[in-house]
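Please look at the sequence and the model shown here, and keep both in view while reading the report that follows.

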Amino acid sequence: SPFMDMETHYNFKLLNPSEKLSIFLKQTNGEETILTATQTGDKKEFSFKQLLTNFFKYPLMTFKIITSIHFEAFLLWKKGAIYRGREKKIINNLTYEKN
């Protein structure tokens, strides 16, 4: 999040999926827990047919997610959250120092 300091640590825990996938995330700053999040989902076959089915079943899902993220960021900004610029720039999943 651009509203959180980057000097944090992330701990991920993935449970071995059988019929369900469970992911647990814990973010700490060395002294306290800042964020915890979990997500679970049903196991589905990964195939072209399943991708096509999901595309037509949820045609605007990407738009909805991006819009929701920006709306929540706007609400945080309205509440006084401070935007924190990054010292490092990420290009193609590689981190570079700003000059």
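Leaving aside its neighbours within four places in sequence, Gln27 is in contact (heavy atoms within 4.5 Å) with Met4, Thr8, His9, Tyr10, Glu32, Thr33, Ile34 and Leu35. This is a predicted model, in which local features need pLDDT of at least 70 and side-chain atom pairs count only at pLDDT 80 or more, while totals for chains, interfaces and linings use all residues. Residues are numbered from 1 along each chain as its sequence is written, and side-chain values use heavy atoms, with hydrogens and water left out.

Gln27 belongs to strand β2, which covers residues 20-28; strands (E, at least two residues) and helices (H or I, at least four) are DSSP runs, numbered from the N terminus. Two of the contacts of Gln27 are polar ones, with its side chain meeting the side chain of Thr8 at 3.0 Å and that of Tyr10 at 3.1 Å. A polar contact is a pair of N or O atoms within 3.5 Å, where within protein one must be able to donate a hydrogen and the other to accept it, and where residues adjacent in sequence count only if both atoms are side-chain atoms.

Is Gln27 buried or exposed? Gln27 counts as buried because its relative accessibility is 1%, given that buried means under 20% relative accessible area, exposed over 50% and partly exposed in between (1.4 Å probe, protein chains only). Thr28, also found in strand β2, counts as buried at 15%, and, not counting residues up to four places away in sequence, Thr28 touches Thr8, His9, Thr33 and Ile34.

The table sets out the relative accessibility of some residues.

| Residue | Relative accessibility | Class |
|---|---|---|
| Gln27 | 1% | buried |
| Thr28 | 15% | buried |
| Lys20 | 47% | partly exposed |
| Asp42 | 51% | exposed |
| Phe12 | 57% | exposed |

The structure holds one salt bridge, which is a side-chain nitrogen of Lys or Arg within 4 Å of a carboxyl oxygen of Asp or Glu. In this salt bridge the side chains of Lys20 and Asp42 meet at 2.6 Å, N to O. Because Lys20 lies in strand β2 and Asp42 in strand β3 (residues 33-42), the pair ties together parts that are 22 residues apart in sequence.

Helix α2 (residues 61-78) has 18 residues and reaches 26 Å from its first C-alpha to its last, close to the 26 Å expected at 1.5 Å a residue, where the expected span is 1.5 Å times one less than the number of residues. Just after α2, Gly80 takes a positive phi of about 105°.

For the chain as a whole, the secondary structure comes to two helices and five strands, and along the sequence these follow the pattern β-β-β-α-α-β-β. Of its 99 residues, 7% count as buried. The chain exposes about 9400 Å², of which carbon and sulfur atoms supply 59%.

Notes: Accessible areas come from the Shrake-Rupley method with a 1.4 Å probe; for residues, only the protein chains shown count as cover.
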